[in-house]
Amino acid sequence: MGDAGTCLVTGATGFIGQRLCQRLRHEGCTVRVLVRSEVQGPWDEMHVCVLGRDSVDADVLAGVDTVYHLAGVVHAMTPADVDPSLYFRVNVDASEELAGLAALAGVKRFVYFSSIKAAADPGGKCVDESWQVPPDDPYGGSKREAEQRLLAIGSDTGMQVTVLRPVLVYGPAVKGNLRRMLQAIDDGRFPPFPDTGNQRSMVCVDDLINAARLAANSPQADGQVYIVSDDARYSTRQLSDWMHEALGRKPPAWSIPVWVLRAAAVLGDGMQAVSGRTLPLNSAVLQRLLGSACYRSDKIQQQLGWRPRVHFRECLPGMVSEYRAVTARK
């Protein structure tokens, strides 16, 4: 897809970054990575740099055609787990430094992997990029500020800058909440949640990479912000039932009433306040499980012709196979 050339990838050791590097090499690109420590992977050149602590060596950008910037401090389940200043030092200041050096080095394209958290949660609405309510947490604020600074650099220098806001990403080797949910179901620890009709948006990692490659090679993507989401809307109960099936387990025929879950969440809040420990079920966790987070990707589909190709249920066998292989090695 597009010209090969030399690509720099930050965050290359992560779930999305490794998959992106594999794709770039498959397409004939020379892949250069910026990593925190020396590690083997699907790349041709490696440079060690801890963003937010070390200065980026300008030589890292020499001869680079496209930068895919994924590195950053990720959203913490418990806000107190991360110093808010770290979000801004890494996600904002280091990103701005990298983009500035890229522009000086003559890099043509800069694709920034932001987050859907760069805007406030929409509640029960299903929104697109016109939803501009500011985020109310340090992580989301840092991603929003980084977007604005990088787009300004692009406008000032002529370097093509595109911002992607992925929703929850799934695929083989996925980590985070989806991996924890899969393991809890496999261990028989995931409660049978009711189907509340909540709508959650997600996207397959390979579809996200398709979007990134398309954005890098489309002049009309210059200066744009795109939500990247597949066209499906998933409820928590659907995800649970499909995971049960993919794991070879029968989905439960019953569910815990919502009022019981809410009472347990309130109890969890109280116990958490006393103990200072984050409990498996509290009001914030219950909101993530039963609430909606619905986003539309009409803009990138209309402007760039991107189309999601994978549905979560179709991806599950590969996710389970990878999960089983990792579990067997432990």
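What share of the contacts in the protein chain with a separation of 6 or more comes from residues 24 or more positions apart? The share is 75%, where contact means heavy atoms within 4.5 Å.

This is a predicted model, in which local features need pLDDT of at least 70 and side-chain atom pairs count only at pLDDT 80 or more, while totals for chains, interfaces and linings use all residues. Residues are numbered from 1 along each chain as its sequence is written, and side-chain values use heavy atoms, with hydrogens and water left out.

**Figure 1. The whole protein chain, with 10 helices and 11 strands.** Helices (H or I, at least four residues) and strands (E, at least two) are DSSP runs, numbered from the N terminus. With a radius of gyration of 20 Å, close to the 20 Å that the globule rule gives for 330 residues, the protein chain is as compact as a globular protein of that length. The radius of gyration is taken over C-alpha atoms, and the globule rule is 2.2 Å times the number of residues to the power 0.38. Taken along the principal axes, the box filled by the C-alpha atoms is roughly 60 × 40 × 40 Å. Of the 330 residues, 49% are buried; buried means under 20% relative accessible area, exposed over 50%, and partly exposed in between (1.4 Å probe, protein chains only).

Figure 2. In the loop between S8 and H4 sits Ala-173. Ala-173 is a residue other than glycine with a positive phi, near 75°, and it counts as partly exposed at 29% relative accessibility. Past the other end of the helix, H4 is followed by Gly-188, whose phi is also positive, near 75°.

**Figure 3. The crossing of H6 and H10.** The axes of these two helices come within 10 Å and cross at roughly 45°. H6 is therefore oblique to H10. Axes are lines fitted to C-alpha atoms, for helices over the stretch in contact, and angles run from 0 to 180 degrees between N-to-C directions. Angles under 35 degrees count as roughly parallel, over 145 as roughly antiparallel, 65 to 115 as roughly perpendicular and the rest as oblique. The crossing of H6 and H10 is right-handed; a crossing is left-handed if the near helix is turned anticlockwise from the far one by less than a right angle, and right-handed if clockwise. H6 contributes Leu-239, Trp-242, Met-243, Glu-245 and Ala-246 to the contact, and H10 contributes Phe-312, Arg-313, Leu-316 and Val-320. By class, these are 7 nonpolar, no polar and 2 charged residues. Ala, Val, Leu, Ile, Met, Phe, Trp, Tyr, Cys and Pro count as nonpolar, Asp, Glu, Lys and Arg as charged, and the others, Gly among them, as polar.

**Figure 4. The crossing of helix H1 (residues 15-26) and helix H5 (residues 205-216).** The axes of H1 and H5 come within 10 Å and cross at roughly 60°, so the two helices are oblique to each other. Their crossing is right-handed. On H1 the contact involves Phe-15, Ile-16, Arg-19, Leu-20, Arg-23 and Leu-24, and on H5 it involves Val-205, Asp-206, Leu-208, Ile-209, Asn-210 and Arg-213. These residues divide into 7 nonpolar, 1 polar and 4 charged.

**Figure 5. Ala-99 in helix H2 (residues 84-104).** Ala-99 is buried, its relative accessible area being 0%. Leaving aside neighbours within four places in sequence, Ala-99 is in contact with Phe-110, Leu-150, Ile-153 and Met-159. Ser-240 is 141 residues away from Ala-99 in sequence and 41 Å away in space, C-alpha to C-alpha.

**Figure 6. Leu-304 in helix H9 (residues 298-304).** Leu-304 has a relative accessible area of 11% and is buried. Apart from neighbours within four places in sequence, the contacts of Leu-304 are Leu-214, Ala-215, Ser-218, Gln-220, Ala-221, Tyr-226 and Lys-299. Ala-211 and Leu-304 are 93 residues apart in sequence and 8.7 Å apart in space, C-alpha to C-alpha.

**Figure 7. Ser-235 in the loop between strand S10 (225-228) and H6.** With a relative accessible area of 3%, Ser-235 is buried. Not counting residues up to four places away in sequence, Ser-235 touches Asp-195 and Asn-198.
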